[in-house]
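This report describes the sheets, salt bridges and cavities of one protein model. The sequence and structure are shown first.

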Amino acid sequence: MTVGHAPRRIALISVHTSPLAQPGTGDAGGMNVYVWQTATRLARRGIEVEIFTRATSSSDKPVVEAAPGVTVRNVVAGPFDGLDKRDLPGQLCAFSANVLRAEAAQKPGYYELIHSHYWLSGQVGWLARDRWGVPLVHTAHTLAAVKNASLAEGDPAEPMVRVVGEQQVVDEADRLIANTQTEVAELVDMYGADPSRIDVVVPGADLDQYSPGDRAESRARLGLAADDVLVTFVGRIQPLKAPDVLVSAMAPLLRADSTGRLRVLVVGGPSGSGLAQPTALIDLVNELRLADRVDFLPPQAPDQLVHVYRASDVVAVPSYSESFGLVAIEAQACGVPVIAANVGGLSVAVDDGRSGVLVDGHDIEIWTPKLAELINNPARRAQMGRAAAAHAQQFSWEHTTDALLESYARAGAALGATRPLDQTRFGSQHWRNRARILA
């Protein structure tokens, strides 16, 4: 990669979840959206993107041309079924070997940059970077130290293998991508990261997909009553995302509502530690005797999710930890105010008091009156909805891609990657390694 120029082809590594997976199922979430949206936009800029992800089904084709300029390589590493994300460190050797084989089958210099997503991918990217002699850019998406500092009740702490693995990747990456200045501070304070190697790249939303629309039409599509007041949760159902906080906080408001119009909509599926008790949220709803006021929908594809947002009066994001909070931006882009926990990147995603409301902590006694203020004031909701749509315009995937390209250029300059890889640069041992891998 010539310094100051975009790479011609990058290897994008996403070990534990495929960008082709439906967000809201299994381990698929905001990271999937991020990877897919940035990959397709990089490709539109003339950069070839090859995404390495772990195959999770025998029916997964080894290579999928997912979009013009975007190839997904489904790497076989471990059994297709039955592996939790916490089991995957044991499969990194097999995954890495197959990534190296894919590169070794090409001409030298085939990939000009590696961008790894999440710490598992960073471990693979670190090895590939040293073998290929190209820059490694890493996005953590979430950090174990941050999650462990704000665990939901009953949620297990992130294991030491992840904490150590993250530290290694932070130390080794040529550039680190942080979603916000808050994450920069976390990387510096908790991992001792060099601030000069960190770039802030704010995620975005697909503003062509998510935009204000006709609420009545969206409700009709979803089979929802036109005159209900709808408070919506969108995301993976697990303690970290705290849908139970929303349900518990809404309980007294639902009981006090004599009209029967106030309702809660939960959109998503069990994930992560939530898989240990997949019916926990439904059990809570039944225990609170709210089954007739709380509706559940499975994860929705973007063309349907936009109608979920448009149908809502308020979208709640009560997470205990959130590196950014794409749901908050997508909802606001649809002209819907957001009530969110004041954690991580949500303080950037939501303009407190203007496009939504930030709530300190997760105490039900605090959330209930904050929700009531929004629910009982339609004029304020409408005003916030207009401000939300305007606020979301500054968060686009095009802006994210611009910033990524700037980070890629810095990574190339720092490594001194001024010309294609050649034998002189790496010596004969490198080529013996390539031959061994191909064999």
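## Parallel pairing of E5 and E6

His117 has Thr139 in E6 as its bridge partner. The two strands concerned, E5 (residues 113-117) and E6 (residues 136-139), run parallel and are joined by 4 bridges. Strands here are DSSP runs of E with at least two residues, helices are runs of H or I with at least four residues, and both are numbered from the N terminus. Two strands are said to pair if DSSP finds at least two bridges between them.

The model is a predicted one, in which local features need pLDDT of at least 70 and side-chain atom pairs count only at pLDDT 80 or more, while totals for chains, interfaces and linings use all residues. Residues are numbered from 1 along each chain as its sequence is written, and side-chain values use heavy atoms, with hydrogens and water left out.

## The mixed sheet of eight strands

E5 and E6 belong to an open sheet of 8 strands with mixed pairing, in the order E3-E4-E2-E1-E5-E6-E7-E8. The edges are held by strand E3 (63-67) and strand E8 (198-200); each has a single partner strand, so one side of each is left without a neighbour in the sheet. On average, neighbouring strands of this sheet are turned by 25 degrees against each other, direction ignored. Such angles are taken between axes, which are lines fitted to C-alpha atoms (for helices over the stretch in contact), and run from 0 to 180 degrees between N-to-C directions.

Val64 stands opposite Val72 in E4. E3 and E4 form a hairpin with 2 residues between them, and Gly69 in the turn has a positive phi of about 85 degrees. In a regular strand, side chains alternate between the two faces of the sheet.

## The parallel sheet of six strands

A further open sheet has 6 strands in the order E11-E10-E9-E12-E13-E14, with parallel pairing. Strand E11 (294-297) and strand E14 (356-359) stand at its edges; each has a single partner strand, so one side of each is left without a neighbour in the sheet. The twist from one strand to the next averages 20 degrees.

Strand E10 (residues 262-267) runs parallel to E11 and is joined to E11 by 4 bridges. The bridge partner of Leu265 in E11 is Asp295.

The loop between strand E13 (338-341) and helix H12 (346-349) contains Gly344. Gly344 is partly exposed, with a relative accessible area of 26%; buried means under 20% relative accessible area, exposed over 50%, and partly exposed in between (1.4 Å probe, protein chains only). The C-alpha atoms of Gly344 and His115 are 23 Å apart in space, and the two residues are 229 apart in sequence.

## Salt bridges

The whole structure has 26 salt bridges, each defined as a side-chain nitrogen of Lys or Arg within 4 Å of a carboxyl oxygen of Asp or Glu. One of them links Asp130 and Arg129, with the closest N and O atoms 2.6 Å apart. Asp130 is partly exposed at 49% relative accessibility, whereas Arg129 is buried at 8%.

In helix H5, Glu166 and Arg162 are 4 residues apart, which means a separation of about one helical turn. Their side chains meet in a salt bridge of 2.8 Å, N to O. Both partners are buried: Glu166 has a relative accessible area of 4% and Arg162 one of 2%.

A spacing of 4 residues, about one turn, also separates Arg221 and Glu217 in helix H7 (residues 215-222). The closest N and O atoms of their salt bridge are 4.0 Å apart, and Glu217 is partly exposed at 44% relative accessibility. Elsewhere, salt bridges that share partners join Arg41, Arg45, Asp206, Glu398 and Asp402 into one network.

## The second largest cavity

The model contains 2 cavities of 30 Å³ or more. On a 1 Å grid over the protein atoms alone, a cavity is a set of points where a 1.4 Å probe fits but cannot get out, and lining residues have an atom within 4 Å of a point. Grid points are joined across faces, edges and corners, and a volume is the space filled by probe spheres set on the points.

The second largest cavity holds about 60 Å³ of space. Its lining consists of Trp119, His138, Ala140, Leu143, Glu166, Val170, Leu176, Ile177 and Leu187. Helix H5 (160-172) and strand E7 (175-178) each supply at least two residues of this lining. By class, the lining has 7 nonpolar, 1 polar and 1 charged residues, where Ala, Val, Leu, Ile, Met, Phe, Trp, Tyr, Cys and Pro count as nonpolar, Asp, Glu, Lys and Arg as charged, and the others, Gly among them, as polar.

Terms used
1 Å grid on protein atoms, 1.4 Å probe; cavity = no way out; pocket = protein on both sides within 12 Å on 5 of 7 lines; lining within 4 Å.
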